[in-house]
Amino acid sequence: MSNPELRSQFEAAKMGFFPPLSRYSIKAALAAYRDSKEWHDALLKYLKINHDLLIERINALPGLTMYPHEATYLAWIQSDYPDILEKLLAHGVRVIDGSTFMGKGFFRLNFACPKSVLEEAISRIEKAIIG
């Protein structure tokens, strides 16, 4: 049953956070939720492989620590290097400063990418840290 007052409250609350939805985007979202279990399961397996590769190689580096993740594809990596962002950027790796999210001493790295891209990023991080 339609509730105009509730609809108005919802529209006001989402203002600036979500773009207006077209009938096509709603149909696409419904299809994704209804018909994508196989794809979603495969994605989770792929992300787990990337996560495990990243944590193994990062934790082998001096001054960097990554803890296991349970529900995200953004690695939080602790760094003992005050200039880590500059070191990584000089080697072509752009990461997100953790202090933006109240995570001083950390940086975030997105590992939801092709494994080949992640391997290249890790190799560049290794060069930035150990030469």
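The following questions and answers walk through a predicted model.

Trainee: Before we begin, how are residues numbered, and which pLDDT do local features need?
Mentor: Residues are numbered from 1 along each chain as its sequence is written, and side-chain values use heavy atoms, with hydrogens and water left out. Because this is a predicted model, side-chain atom pairs count only at pLDDT 80 or more, totals for chains, interfaces and linings use all residues, and local features need pLDDT of at least 70.

Trainee: In which order do the strands of the open sheet stand?
Mentor: Strands, like helices, are DSSP runs numbered from the N terminus, a strand (E) having at least two residues and a helix (H or I) at least four. Two strands are said to pair if DSSP finds at least two bridges between them, and strands of a sheet pair through backbone hydrogen bonds, either parallel or antiparallel. Here four strands form an open sheet with antiparallel pairing, and their order is S1-S2-S4-S3.

Trainee: Which strands stand at the edges of that sheet?
Mentor: In the order S1-S2-S4-S3, an edge strand has a single partner strand, so one side of it is left without a neighbour in the sheet. The strands at the edges are S1 and S3.

Trainee: Which residue of S4 is the bridge partner of Gln78, and which is that of Asp97?
Mentor: S2, which covers residues 74-79, pairs with S4 in the antiparallel sense over five bridges, whereas strand S3 (residues 96-97) pairs with S4, also in the antiparallel sense, over two bridges. Within S4, the bridge partner of Gln78 is Phe106, and that of Asp97 is Phe107.

Trainee: How far does helix H3 reach from its first C-alpha to its last?
Mentor: Helix H3 runs over residues 37-59 and has 23 residues.

Trainee: Against which strands and which helix do the buried residues of H3 pack?
Mentor: A residue is called buried under 20% relative accessible area, exposed over 50%, and partly exposed in between, using a 1.4 Å probe and protein chains only. The buried residues of H3 include Leu47, Asn50, His51 and Leu53. Their packing partners are strand S1 (64-66), strand S2 (74-79), strand S4 (106-110) and helix H5 (115-130).

Trainee: Which residues does Tyr73 touch, not counting residues up to four places away in sequence?
Mentor: Tyr73 is found in the loop between S1 and S2, and at 40% relative accessibility it counts as partly exposed. Its C-alpha is 9.0 Å from that of Asn50, although Tyr73 and Asn50 are 23 residues apart in sequence. With contact meaning heavy atoms within 4.5 Å, Tyr73 touches Leu47, Leu109, Asn110, Phe111 and Ala112.

Trainee: Is Tyr81 exposed or partly exposed?
Mentor: Tyr81 has its place in the loop between S2 and helix H4 (84-90). Leaving aside neighbours within four places in sequence, Tyr81 is in contact with Pro62, Gly63, Leu64, Lys87 and Ile129. At 22% relative accessibility, Tyr81 counts as partly exposed.

Trainee: What is the phi of Met102?
Mentor: Met102 lies in the loop between S3 and S4, and because its relative accessibility is 83%, it counts as exposed. Although Met102 is not a glycine, its phi is positive, at about 60°.

Trainee: How many salt bridges does the count come to?
Mentor: A salt bridge is a side-chain nitrogen of Lys or Arg within 4 Å of a carboxyl oxygen of Asp or Glu. Among them are Glu11 with Arg7 (3.2 Å, N to O), and Asp52 with Lys48 (2.9 Å, N to O). Glu11 and Arg7 are four residues apart in helix H1 (residues 4-14), so they are separated by about one helical turn, and Asp52 and Lys48 are likewise four residues apart in helix H3. By this rule the count comes to six salt bridges.

Trainee: Is Arg34 buried or exposed?
Mentor: The side chain of Arg34 meets that of Asp35 in a salt bridge (3.2 Å, N to O), and Asp35 counts as exposed at 54% relative accessibility. With a relative accessible area of 60%, Arg34 is exposed.

Notes: The expected span of a helix is 1.5 Å times one less than its number of residues.
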